[in-house]
Amino acid sequence: MNNVLISVVIPCYNAEAYIAATIRSVLAQDIDGMELIVVDDGSSDGSVALVRAQFPQVRLVQQANAGVAAARNHGIALARGTWVAFIDADDIWLPGKLRAQFEQMAAIEGCRMSYTAWKVWPCQDPEPGAVYVEQLLAQAGETARWSGPSGWIYTELLLDCVVWTSTVVAQRSLFQEIGGFDPGLRVGEDYDLWLRASRVTPIHRVARPYALYRTHPSSITHSLPTANYRAIVIGRALANWGMYSPDGCEADRGEVRRLLAKSWSDYAGAHLDRGSLATARRAGWAALRTDLRHLPGWKVLIKSYARSLAGTRMGR
């Protein structure tokens, strides 16, 4: 008989420095009926040996390196719980997270998905210090500070990925209905999934910080993007569902257009900084095709042509 309430899925890739602290933060949750699944995505460090040695209660599975989306999908496929939660192998949950989410969901009829507020944590120490946690908890009751979109949030998601994966709890049946994370997206696979989820269920937010989002030099967000994944994800959503949320609310079309243009100018700027002038030019034109009045798009386009011209003159 399956008595697992919630399956917590941790994708792991070369996270030996942090994963023990992450697992401890999950095991410290005051909730019964929890299983913890670590999916190692082809790590070459000591992550697997560490988990085996220190956490025998964890279900550890290994796969050839296929990316975080495939790792999470593997965990979902193995999950026995009615609910599934996610946390990346370098993030931290704070005490009471799961209980707060289940208490809120129990009070909302038909609630199938929850997320919480979080705190960005630029730190390379494995665990947060006691003083840091105390200071955060002292601010945690400031509801206005930690509030965010809640309910039918499709239109808000068109403007920004307001849901962070390491805070999500969702019914396992939801993934059976809408599918899992798209392995074809190197970045934005979570954004794509939350947009799909927002078409079939309200997504409710606990307005209190219950997780620490670690940023450090090796974070994927610091690497040069190989595609404008934000535009890809939002473009898919608009092609499938347009501007309207299932509850009838319409997104601000001008704001969506401006933010799409910004995604292209940001992408162009990143490549301009690295000297990828052809890519920067293509992205700059994409920004202007999206919104001709987008000033950053004009700026990055002019700079890319100016640098190309300067390089041509130097080469003579």
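The following dialogue examines how terms are applied to residues and elements of this predicted model.

Trainee: Why is Ser25 called buried?

Mentor: Buried means under 20% relative accessible area, exposed means over 50%, and partly exposed lies in between (1.4 Å probe, protein chains only). Ser25 has a relative accessible area of 9%, and is therefore buried.

Trainee: In which helix is Ser25 found?

Mentor: Ser25 is found in helix H1, residues 19–27. Helices (H or I, at least four residues) and strands (E, at least two) are DSSP runs, numbered from the N terminus.

Trainee: What makes H1 mostly covered?

Mentor: Of its 9 residues, 7 are buried. These are Ile19, Ala20, Ala21, Thr22, Ile23, Ser25 and Val26. The buried residues of H1 pack against strand S1 (6–12), strand S2 (34–41), helix H2 (47–54) and S5.

Trainee: Which residues are in contact with Ser25, leaving aside its neighbours within four places in sequence?

Mentor: Contact means heavy atoms within 4.5 Å. With those neighbours left aside, Ser25 is in contact with Ile87, Asp91, Ile92 and Trp93.

Trainee: Is Ile87 buried or exposed?

Mentor: Ile87 has 0% relative accessibility and so counts as buried. Ile87 lies in the loop between strand S4 (83–86) and S5. Beyond its neighbours within four places in sequence, Ile87 has contacts that include Val8, Ile10, Thr22, Ser25 and Ser166.

Trainee: How do you know that strands S6 and S7 pair?

Mentor: Two strands pair if DSSP finds at least two bridges between them. S6 (residues 113–122) and S7 (residues 169–171) have 2 bridges in the antiparallel sense, and Ser114 stands opposite Val169 in S7. S6 also pairs with strand S8 (residues 204–215), in the parallel sense over 8 bridges; there, Ser114 stands opposite His204.

Trainee: In what order do the strands of the open sheet stand?

Mentor: The open sheet of 8 strands has the order S3-S2-S1-S4-S7-S6-S8-S5, with mixed pairing. Strand S3 (59–63) and strand S5 (92–93) are called edge strands because each pairs on one side only.

Trainee: Why does Ile302 count as exposed, and why does Ala286 count as buried?

Mentor: Ile302, in helix H13 (residues 295–314), has 54% relative accessibility and therefore counts as exposed. Ala286, in helix H12 (residues 277–290), has 8% relative accessibility, so Ala286 counts as buried.

Technical notes:
Residues numbered from 1 in each chain as written. Predicted model: local features only at pLDDT ≥ 70, side-chain atom pairs only at ≥ 80, totals over all residues. Heavy atoms only, no water.
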